[in-house]
Every structure is written in structure tokens, then in C-alpha cells.
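The exercises below are worked on the model that follows. Try each task before reading its solution.

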Amino acid sequence: MNTDAAALVIAKSKAEIAILPGMANRHGLIAGATGTGKTVTLRTMAEQFSRIGVPVFMADVKGDLSGVPFPGGESVRVTERVRSLELEDFRFQGFPVMFWDVFGEQGHPVRTTISEMGPLLLGRILTLNEIQGGVLTLVFKVADDEGLLLLDLKDLRAMLQFVGEQAPQLQKQYGNISAASIGAIQRGLLHLEEQGGGIFFGEPALNLEDLLQTDADGRGVVNILAADRLLQSPKLYATFLLWMLSELFERLPETGDPEKPRLVFFFDEAHLLFNDSPKALVGKIEQVVRLIRSKGVGVYFITQNPLDLPETVLGQLGNRVQHALRAFTPRDQRAVKAAAETFRANPGLNVARVITELEVGEALVSVLDKKGAPTPVERAYICPPQSRLTPATTDERRRIIRESILYGHYEKNVDRESAYEILKERAGRQQKEVTEVLAQPQRPADGRTQAGNLIAAAAKSAAHAIGSQVGRQIIRGVLGSLFGGAKKR
Ligand SMILES: Nc1ncnc2c1ncn2[C@@H]1O[C@H](COP(=O)(O)OP(=O)(O)OP(=O)(O)O)[C@@H](O)[C@H]1O
Ligand SMILES: [Mg+2]
């Protein structure tokens with residue numbers, strides 16, 4: 001029996017197995033084939049973190065996590081497990097939950113701005129190649145130099161049009177701007193909008209502090225992002241979560257070796273992060289995962305096979321739960337063997353064989369001990385969750401959203417003056433000036449050329465005025481150190 005109240009008991013073998021709060025920011029892995037118990041394990045972990053006051057964030061990929069606010073007791077499998085494991089402190093209970101939804105339907109809307117997302121991650125969402133990505137970076141640079149805010153998709157669209165039209169002049173300063181690349185980015189944007197991705201960009205942008213809440217009893221808030229619809233655009237889903245990680249990394253101060261994490265971030269369907277990712281991006285992800293630890297954030301990847309993750313990332317995941325894997329084909333068998341080899345061996349256990357024999361809710365578990373070394377892998381039953389497995393009804397969900405302290409803040413989309421409005425206004429003004437010039441009776445023979453010059457001059461002075469007015473540091477960001485996005489203003 002584990003006597004430390006803070007220890008996060010997640011499984012039971014002969015004895016209880018617990019993640020140590022001080023080691024929880026050394027990241028983790030939950031792996032296993034479909035239906036073997038990964039989501040239930042994630043939930044058990046989340047509840048334990050909440051209990052000791054650690055807020056968590058997780059994406060609800062299948063819509064089966066929304067029962068967390070309500071006490072369990074309805075699942076026969078769970079009650080049986082409670083009895084057979086003889087769990088002493090077990091009590092059915094709900095946990096504080098905040099629902100989030102990019103589409104604003106199943107939770108508070110989650111938004112970010114185009115400039116916070118930055119050209120690298122945006123390029124990934126738009127599936128741009130290297131050259132097109134280069135042009136997108138340049139478009140950000142022009143916006144920065146001109147003091148134009150990029151908040152939503154229409155800002156970016158307006159900016160692209162502007163850069164496309166002014167390409168001959170801009171090229172002198174910024175280098176080659178190919179019309180084909182501008183076109184490719186525009187097509188990418190169109191596609192993103194068709195998928196409903198436009199809704200994600202705008203204000204008020206998510207304030208990460210809002211994810212770090214505890215309730216009146218000191219329990220950590222479980223943030224649940226509705227991800228069923230989001231997952232239909234796998235790149236948007238993966239990049240969005242990656243953006244959150246990088247934001248957490250950028251914004252949170254160093255904590256050294258914390259007593260417990262500041263936040264635990266569960267990354268479900270983690271393989272999507274690495275699927276045909278360019279090497280440079282994988283390198284950055286690896287870097288974020290390595291460095292975010294010192295900010296007190298633990299990242300737990302959930303995926304079918306540990307080999308879905310690059311070795312550099314896998315090597316950093318200290319707390320591991322491996323559910324059953326299937327071994328039907330020789331290829332499966334090789335994957336099982338390789339997965340087995342990622343554990344610290346236990347002389348009493350044939351890991352490769354056991355992996356294929358595990359029941360639902362049973363797993364091979366290894367956690368980090370006080371010194372940070374992985375414990376020998378053990379075969380154990382995962383403790384069942386205390387909250388309800390049955391998802392929230394629409395009414396239950398609505399009630400929780402409405403009763404949340406954040407209700408009303410993110411629900412209202414604000415559209416302040418940014419690139420789109422300014423460029424539109426500028427174009428309107430130029431149009432007016434052109435008309436005036438053309439209407440002048442003493443117009444010289446080359447009036448058209450003069451009008452043309454005037455447009456350029458007007459554009460320049462407008463840009464200058466705006467530039468000095470708004471300040472030039474708008475899109476230059478600290479985040480640039482990793483992903484080239486902007487600092488929050
Ligand atoms: N630790 C457990 N205690 C009791 N029952 C469990 C446990 N783990 C899993 N189960 C039962 O098994 C079912 C399937 O588990 P779960 O949804 O976690 O699988 P999964 O690995 O997430 O599957 P998928 O890959 O399809 O998402 C649960 O609904 C629950 O009934
Ligand atoms: Mg699942």
C-alpha cells in the first residue's frame with residue numbers, strides 16, 4: 001500500500017504502482033491496440049492529477065471523455081474491477097471540467113491568431129512545400145514591416161492579395177515572390193476554410209492561463225477539447241495541439257524541479273503529429289518536448305504502437321503504460337518485439353509474449369523512481385476511473401459550459417481593426433485619389449502614369465503612417481525562436 005497521499009496510483013500488480021508527482025513532468029506514454037484500455041488509463045491518470053491539484057488538458061477524440069464531471073458507478077466492468085483489485089480509497093466521484101471546442105459548439109471556443117500561429121505551423125496546416133512556406137514567411141515579414149496585424153483568415157487573405165499585387169515593388173526588398181506560390185497558399189487557405197478551419201483564427205485568442213485552473217477544493221481542472229470533428233482534419237488537429245505545446249513552452253516561466261507539474265498535457269492520436277512530418281519539424285517537436293519539462297509541463301502521448309513515435313521523442317517518455325498489441329502477422333510480431341525492447345527488462349517477465357496476452361485494462365507498466373530511473377516493467381491492472389464512463393448528454397454539457405467562470409468571454413468573437421480592414425480602407429482611399437486626379441481638368445498627357453505614381457506614393461505613406469502608429473514589433477515574436485509565430489501583445 002502506498003502511504004504517500006500525493007502519489008498517483010494508477011495500477012495494481014502485487015502492490016500499487018504510482019507515478020511520483022515530482023517525476024510526472026518527465027513525460028509518459030500510453031500505447032496499445034484498439035479497445036485495449038488506453039482512454040480509460042488516460043482518464044484514471046487525469047483524475048489522479050486533478051486530485052493532487054494538477055490541471056490537465058486532453059483532446060476527446062472519440063467523444064468518450066465527457067463523463068469526467070460526473071461520478072461513476074454505472075459500469076459493471078468498473079465495479080467488478082474495483083472489487084477484484086480491493087482498492088481501498090476508491091470512491092465514485094466527478095472532477096472539475098472545462099469544455100473547449102474549436103468549433104464553439106461543445107465547449108468554449110478556442111481561437112488563436114494567424115500571427116501567433118506563425119508561418120511554420122501555418123504552412124504545415126496548409127501543406128505547403130518549402131518554397132511556398134518561404135513565401136508565407138515573407139508575407140508575415142511584409143505585414144510586420146507595414147505594421148499590419150494578422151488576426152484571422154481574412155487578414156491573411158488580404159495580405160496575400162496585397163503582396164501578390166505589389167510583388168514587383170516588394171521583390172526589390174524581399175527577394176523573389178512567385179505568383180505560383182502565392183496561388184498555392186491561397187488555395188490552401190480556401191481548402192482550410194472549406195473544412196471550417198477559419199473559425200479557429202481570430203480573437204479573443206486563448207489565454208493559456210485559463211487552462212491552469214484549480215477549483216475551490218484545490219483540485220486541478222480537467223480541460224477537455226472536443227476533437228471528434230477536429231480530427232477529420234488530422235493536420236489541423238495535430239498542428240493545433242503542437243501550437244498549444246509551443247505556446248505553453250514560450251509563455252511559462254522555468255520552474256526547475258517542481259514538486260508536481262503545473263499542467264499535464266495528453267496528446268491522443270499522437271502518431272498524427274509525426275505522419276509524413278518534415279525532418280525539421282520533427283526536430284522542433286523533439287526540442288519542445290525536451291525543454292517543456294523544465295516549465296513544469298508533462299506531456300503524455302497516446303498511440304497504438306510506441307514505434308509510431310520517433311526514437312528521439314520515445315526516449316524522453318519516462319512513465320509508460322503498454323496495453324495489449326496484436327501479433328497476427330510477422331510484421332505485427334516484429335512491432336511487438338520492438339515495442340517490448342523499449343522497456344527496462346524484468347527477469348521474471350517475457351515482455352514480448354505478455355504484450356500479446358494482456359486483457360482489456362491490463363498493461364505493462366514502468367514508471368520513474370525517485371532517482372528518475374525507470375522501474376522494472378510489471379504486469380498490472382489499471383485502476384478504474386472514479387468518474388462516469390458514459391458521456392455527458394447535450395444538456396449536461398450545456399449546463400457545465402454555462403456554469404463555467406469563463407462563460408461569455410470566449411463566446412463573443414471580436415473583430416478589431418487589422419490587416420484586412422486597413423488594406424481595404426487604403427485601397428478605397430487610393431481609388432478616391434485616383435478618381436480625383438483623373439478628374440482634374442489640367443491633367444497632363446500622361447495622366448495615367450501620374451495616377452499610378454500617386455497610388456504607389458499613397459500606399460507608401462499610408463504604410464508608413466500605420467507602421468509608426470501601431471509599432472513595428474507586432475509580428476516579430478519570441479515564439480520565432482521555435483516556430484516563427486508572434487508574441488502576444
Ligand atoms: N482499467 C479498466 N477498468 C475497467 N474497465 C476497463 C478498463 N480499461 C478499459 N476498460 C473497459 O474497456 C473498454 C474499452 O477501453 P478504452 O475505451 O479505454 O479502449 P481504447 O484503447 O481507448 O480503445 P480505442 O483505441 O478504440 O480508443 C472501456 O469502455 C471499459 O469498459
Ligand atoms: Mg480510446
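In which loop is the place of Glu 86? Glu 86 is in the loop between α2 (76-85) and β5 (97-101). Helices (H or I, at least four residues) and strands (E, at least two) are DSSP runs, numbered from the N terminus.

The model is predicted: local features need pLDDT of at least 70, side-chain atom pairs count only at pLDDT 80 or more, and totals for chains, interfaces and linings use all residues. Residues are numbered from 1 along each chain as its sequence is written, chains are lettered from A and ligands numbered from 1 in the order in which they are written, and side-chain values use heavy atoms, with hydrogens and water left out.

**Exercise 1. Backbone angles in loops**

Solution. 
1. His 27 belongs to the loop between β2 and β3.
2. For exposure, buried means under 20% relative accessible area, exposed over 50%, and partly exposed in between (1.4 Å probe, protein chains only). Glu 86 has a relative accessible area of 59%, so Glu 86 is exposed. His 27 has 1%, so His 27 is buried.
3. Pro 204 is in the loop between α7 (179-194) and β7 (222-226).

**Exercise 2. Rings around Tyr 300**

Task: classify the ring pairs of Tyr 300 with Phe 49 and with Phe 266.

Solution. 
1. A pair of aromatic rings is described by the distance of the centres and the angle of the planes. Rings of Phe, Tyr and Trp (its six-membered ring) pair if their centres lie within 6.5 Å; planes under 30 degrees apart count as stacked, over 60 as edge-to-face and the rest as tilted.
2. The structure holds 13 aromatic pairs. In one of them, Phe 49 and Tyr 300 have ring centres 6.0 Å apart and planes at 65°, so this pair is edge-to-face.
3. That pair links distant parts of the chain, 251 residues apart: Phe 49 is in helix α1 (residues 38-51) and Tyr 300 in strand β9. Both residues are buried.
4. Phe 266 and Tyr 300 form a tilted pair, with 5.5 Å centre to centre and 50° between the planes. Phe 266 lies in strand β8, 34 residues from Tyr 300 in β9.
5. The relative accessible area of Phe 266 is 1%, so Phe 266 is buried; Tyr 300 has 0%.
6. Elsewhere, ring pairs join Phe 57, Tyr 237, Phe 265, Phe 267, Phe 274 and Phe 301 into a cluster.

**Exercise 3. The surroundings of ligand 1**

Task: list the nearest residues and the polar contacts of ligand 1, and say how much of the ligand is buried.

Solution. 
1. A residue is near a molecule or strand if one of its heavy atoms lies within 4 Å of it. There are 15 residues around ligand 1, and Gly 35, Lys 38, Thr 39, Val 40 and Lys 62 come nearest.
2. A polar contact is a pair of N or O atoms within 3.5 Å; within protein, one must be able to donate a hydrogen and the other to accept it, and residues adjacent in sequence count only if both atoms are side-chain atoms.
3. A polar backbone atom of Gly 37 is 3.0 Å from an oxygen atom of ligand 1. Polar side-chain atoms also lie by ligand oxygen atoms: one of Thr 39 at 2.7 Å and one of Lys 62 at 2.5 Å.
4. Ligand 1 taken alone exposes 630 Å², and the protein buries 83% of that. Accessible areas come from the Shrake-Rupley method with a 1.4 Å probe; for residues, only the protein chains shown count as cover.
5. The elements that give two or more residues to the shell are α1 and α2, and α1 gives the largest share, three residues.
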